[in-house]
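Hello,

Here is the structure we talked about passing on. Please open it alongside this note, and read the summary below it.

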Amino acid sequence: MTLDVGADLAPVVKEITQEKINRYAQAGGDGNPLHTDPQFAAKTMFGGTIAHGMLILAYLSEMMTAAFGEDWLSGGRLKVRFKAPSRPGDTVTSAGRVLRIEDGRTVCAVECRSQRDEVLVAGEADCPRTGACLGPTEVTV
Amino acid sequence: MPPSLDELPKGYQFPPFAFELSPEWVREYVTAVEDEAIGVLEGSLVPPMAVATLAVRSLLEGARLPPGAIHLGQDMSMLKPVGAGERLTVSAQVASRGERQGWVLMGIELNVADDNHAPVMSGRAMLTMPANAEGGS
């Protein structure tokens, strides 16, 4: 099956907790206190800890893997900007929609939003159009 | 002690770092990010963001990340699937650097290749961090 213009990718929904942020910091070796030290983070412009950008991108990438399978791993491209921080207690929904088919690639608008409907991450992702996409599967954790 | 990232000039080449995607670490990563999609694929393939994460972790062996650094944006191209247990090498350079109101704005380009020098991933991270940050993380 292939996804046509206007098709929605199955969203991926994740709850952000400090424990999850700490677990990612441990795995990623990123001990930036902005993510893991509430006292340090309270003194920054964010007023508290925030999730790593790469943790949020892992959720977007999961959505693309679910939609496009190995094509995403072998030829996917991602271009995103972080618009707002994700904080402990947030519910982050990754979503995407097929914008156009271009040069044999499926180009999607992708974003992550919080439960406040605030855009956290926005951009585009594209993937070779081999017809091997896996199609919609909703993932909620 | 390695230099702080904010001190690095435009054009700075990070020393290439080799790293291994050990099955144990991949499991730790997949658990941390709760990736339920990668396990559906055949073989022991590794999520692309895991490759990026471990590549950045390796780079940070050669430059300290200043406390308070913020990730502003990310461009990334996945070029080849990799499996758990593979050994990769990351090379990187400071592609752009500017300063404004006490903050450094930096673009870092990175390329990851496998043991046969086949490209696995390329990308560019946009970061900002306090200038002359003390310490590191």
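**The two chains**

Chain B has 2 helices and 5 strands. Along the sequence they come in the order β-α-α-β-β-β-β. Please keep in mind that this is a predicted model.

Chain B runs to 137 residues, and a compact globule of that length would have a radius of gyration near 14 Å. The value for chain B is 16 Å, which agrees. Its C-alpha atoms fill a box of roughly 50 × 30 × 25 Å along the principal axes.

Chain A has 5 helices and 6 strands. From the N terminus the pattern is β-α-α-α-α-α-β-β-β-β-β. The C-alpha trace of chain A spans about 50 × 30 × 25 Å along its principal axes.

**Strand pairing inside chain B**

Strand 5 of chain B (residues 119-130) pairs with strand 2 of chain B in the antiparallel sense, over 8 bridges. Strand 5 of chain B also pairs with strand 4 of chain B (residues 103-114), again antiparallel, over 11 bridges.

Ser122(B) is the bridge partner of Ser77(B). Ser122(B) is also the bridge partner of Asn111(B).

Strands 4 and 5 of chain B form a hairpin with 4 residues between the strands. There, His117(B) takes a positive phi near 65°.

**The contact between the chains**

How much area is buried between chain A and chain B? About 3,400 Å², with carbon and sulfur atoms giving 63% of it. Three residues, Ala27(A), Met54(A) and Leu73(A), supply 19% of the area that chain A buries against chain B.

The contact takes 42 residues from chain A and 39 residues from chain B. Between the chains there are 14 residue pairs in polar contact, both residues being at pLDDT 80 or more.

Which elements of chain A give two or more residues to the side that touches chain B? They are helix 1 (18-28), helix 2 (33-36), helix 4 (53-68), helix 5 (70-75) and strand 2 (77-82). Helix 4 of chain A gives the most, with 10 residues. By class, this side of chain A has 21 nonpolar, 12 polar and 9 charged residues.

**Strands across the interface**

Strand 2 of chain A pairs with strand 2 of chain B (residues 70-78). The sense is antiparallel, over 5 bridges. Within this pairing, Val80(A) stands opposite Gln74(B).

**Salt bridges**

Side chains of opposite charge can pair when their charged atoms come close. The count over all chains is 17 salt bridges. Between chain A and chain B the count is 2.

Lys20(A) forms a salt bridge with Glu34(B), with the closest N and O atoms 3.0 Å apart. Asp75(B) and Arg81(A) also meet in a salt bridge, at 3.1 Å from N to O. Asp75(B) lies in strand 2 of chain B and Arg81(A) in strand 2 of chain A, so this pair joins two chains. Those two strands are also the ones that pair in the antiparallel sense.

Best wishes

Key
Residues numbered from 1 in each chain as written. Chains lettered and ligands numbered in written order. Predicted model: local features only at pLDDT ≥ 70, side-chain atom pairs only at ≥ 80, totals over all residues. Heavy atoms only, no water. Contact = heavy atoms within 4.5 Å. Buried area = accessible area lost by both parts, 1.4 Å probe. Salt bridge = Lys/Arg side-chain N within 4 Å of Asp/Glu carboxyl O. Polar contact = N/O pair within 3.5 Å; in protein donor to acceptor, adjacent residues only side chain to side chain. Nonpolar A, V, L, I, M, F, W, Y, C, P; charged D, E, K, R; others polar. Pairing = 2+ DSSP bridges. Rg over C-alpha atoms; globule rule 2.2 N^0.38 Å.
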